[in-house]
Amino acid sequence: MRTLGFIQQTCDAVEMQRCIGALNSAGVPTESIQIESNLDELLKSITSGDTIYVCHISEMGDSIQQIFSAIGIIIEKGARICSLNDRWITDIDQKGLLPLIIKSIAELNREIISKQTKIGLKKARKNGKRLGRPSGKNKSGLF
């Protein structure tokens, strides 16, 4: 029975430090936190009785299908998943389950879209792409 943490490598340094602190506060030792670009290595290494902590469930994949697939593998191996900011993963009861699941999937989808947009903007800036509204008119009077 191990307590493991996972942080997706694509998050920025400030968010990463915030997540490490939150995982430490939840009882995950720093040496047990894996910072990787995907969850594959962690999924291979988990065993029955392990508990995997993440700050946001959206860190577990780039699509809802990947996230639910990872959750399925974790449950199938007899491990437990705990998301610090998405309590619906661990606090599900039978009352109002369907509306809760639909709401959670919609929130998860918004998080994934936001994350992918931020990654794309970061890459564009890194490649020298000028973002935003174009500056005023040129000498010919056209934009």
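**View 1. The buried side of helix α3.** Ile 67, Ala 70, Ile 71 and Ile 74 are the buried residues of α3 (buried, under 20% relative accessible area; exposed, over 50%; partly exposed, in between; 1.4 Å probe, protein chains only). Seen down the axis of α3, these buried residues fall within an arc of 100 degrees, so they line one face of the helix (the arc is that of the directions from the helix axis to the C-beta atoms). The face turned away from this buried side carries the exposed residues Gln 65 and Glu 76, and just after α3, Gly 78 takes a positive phi of about 85 degrees. Helices (H or I, at least four residues) and strands (E, at least two) are DSSP runs, numbered from the N terminus. This is a predicted model, in which local features need pLDDT of at least 70 and side-chain atom pairs count only at pLDDT 80 or more, while totals for chains, interfaces and linings use all residues. Residues are numbered from 1 along each chain as its sequence is written, and side-chain values use heavy atoms, with hydrogens and water left out.

**View 2. The salt bridge between Arg 2 and Asp 50.** The closest N and O atoms of this pair are 2.8 Å apart (salt bridge: a side-chain nitrogen of Lys or Arg within 4 Å of a carboxyl oxygen of Asp or Glu). Arg 2 lies in the segment before β1 (3–8) and Asp 50 in the loop between α2 (40–45) and β3 (51–54), so the pair ties together parts that are 48 residues apart in sequence.

**View 3. The salt bridge between Glu 41 and Lys 44.** Here the closest N and O atoms are 3.8 Å apart.
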